[in-house]
Amino acid sequence: KVFGSRSFQLKQGNLTIGDELKAREVSVSVDGGSLTVSGRIDASGEQVGSIRLAGRDGVTIESGAVLDAHGTLLRTDSYGQVIEAPNRAVIELAAPGGRLSLESGARFDLRSGDKGGNYGSIDLNARRLGGGGRGGGGASGRLSGGAEDPLAGHHSQVGCRWRRHRP
């Protein structure tokens with residue numbers, strides 16, 4: 001079982017996380033450098049968890065890394081209907097001054113319940129690349145929802161400096 005929360009704030013330097021973090025709520029902020037995840041951050045348990053990662057100079061989720069916030073118990077009301085809010089696993093990634101890089105092979109697990117309810121949300125917040133002007137222009141890379149996509153079936157929200165986009 002996973003209990004409680006773990007929160008870390010690094011004021012300067014870069015940080016690489018392997019398989020060391022396990023808690024229902026994980027928050028890591030690198031205020032003066034970049035953050036790289038090369039292993040598994042485990043916020044899974046009976047209830048869904050949350051993972052919040054921020055790196056001023058960039059965030060990289062390497063190939064083979066896993067951000068796991070899934071819950072094994074699907075919470076329902078007295079009529080057996082799913083209650084969305086307590087079943088919403090959350091992953092937030094922010095790179096306000098650098099690049100947000102999700103390498104091929106990185107996985108995000110936001111399932112709710114043993115039947116894999118898709119109520120989780122991913123919030124990606126980084127500056128847009130390419131294009132011109134305040135409107136954003138073209139972004140570098142894309143999010144898709146294909147059958148092999150690690151984000152398939154989940155709500156995603158991609159942020160940029162001037163506006164939010166909901167695919």
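1. Six bridges join β9 to β12, and the two run parallel. Strands here are DSSP runs (E, at least two residues), numbered from the N terminus, and two strands pair if DSSP finds at least two bridges between them.

2. Before going on, a caveat: this is a predicted model, where local features need pLDDT of at least 70, side-chain atom pairs count only at pLDDT 80 or more, and totals for chains, interfaces and linings use all residues. Residues are numbered from 1 along each chain as its sequence is written, and side-chain values use heavy atoms, leaving out hydrogens and water.

3. β9 also pairs with β6: five bridges join them, again in parallel. Here I51 stands opposite I91 in β9.

4. Now the largest nonpolar core, with 28 residues; I41, I51, L53, I61, L67, I91 and L93 touch the most other members. Such a core is a set of buried Ala, Val, Leu, Ile, Met, Phe, Trp, Tyr and Cys residues joined through side-chain atoms within 4.5 Å, buried being under 20% relative accessible area (1.4 Å probe, protein chains only).

5. What does I61 touch, not counting residues up to four places away in sequence? Its contacts (heavy atoms within 4.5 Å) include V37, L53, L67, L93 and F108.

6. Finally, there's an open three-stranded sheet, ordered β5-β8-β11 with parallel pairing. β5 (40-42) and β11 (107-109) are at the edges with a single partner strand each, so one side of each has no neighbour in the sheet. Three bridges join β5 to β8 (residues 66-68), and R40 has V66 as its bridge partner in β8.

Notes. Buried < 20%, exposed > 50% of the residue type's maximum accessible area, 1.4 Å probe, protein only. Helix = DSSP H or I, 4+ residues; strand = E, 2+ residues; numbered from the N terminus.
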